[in-house]
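Here is a short briefing on one protein structure. Have the sequence and the model open as you read.

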Amino acid sequence: MYAVLIDTPEAEAARATAFWSAALGVTAEPFAPEPQFTTLHQALPGLVTAVQAVDDAPRIHLDIETDDVEAETTRLLALGAEQISQWQECRVLRVPGGHVVCVLPVESDPGAFRAQANVWP
């Protein structure tokens with residue numbers, strides 16, 4: 001797993017960011033390449049944690065990074081997920097139980113990714 005995202009309606013994103021930053025005792029910093037994301041530094045050590053401004057209902061979703069988005073999406077679909085959309089190179093899936101998971105290309109340091117990645121047969 002790569003990230004935990006706190007999806008927040010756009011109109012509430014600034015208040016949600018202030019809340020989560022204070023509640024978790026971490027700094028919040030806008031992510032310049034994608035302004036809808038605000039990173040909560042070291043909120044969950046080892047995982048990117050961010051507030052994401054969305055045009056949708058509030059929820060928390062997980063990001064799974066992979067070096068083969070197609071293969072990982074296919075694997076998760078076989079396990080019972082359904083693809084509900086695509087954003088850039090990311091596949092957005094709804095998994096059994098109704099939660100949202102995004103499958104995205106490697107975002108972390110490539111060496112760290114190789115050292116920690118699960119390898120599927």
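Which residue in β8 is the bridge partner of Asp63? The partner of Asp63 is Cys102.

This is a predicted model, in which local features need pLDDT of at least 70, side-chain atom pairs count only at pLDDT 80 or more, and totals for chains, interfaces and linings use all residues. Residues are numbered from 1 along each chain as its sequence is written, and side-chain values use heavy atoms, with hydrogens and water left out.

**Strand pairing**
- Strands (E, at least two residues) and helices (H or I, at least four) are DSSP runs, numbered from the N terminus.
- Two strands pair if DSSP finds at least two bridges between them.
- β5 and β8 are parallel, with five bridges.
- β1 (residues 3-9) runs antiparallel to β5, again joined by five bridges.
- Leu5 sits opposite His61 of β5.

**Nonpolar core**
- A nonpolar core is a set of buried Ala, Val, Leu, Ile, Met, Phe, Trp, Tyr and Cys residues joined through side-chain atoms within 4.5 Å.
- The largest has seven residues: Tyr2, Ala3, Leu5, Phe37, Ala50, Cys90 and Leu104.
- Beyond its neighbours within four places in sequence, Cys90 is in contact (heavy atoms within 4.5 Å) with Val103 and Leu104.

Key
Buried means under 20% relative accessible area, exposed over 50%, partly exposed in between (1.4 Å probe, protein chains only).
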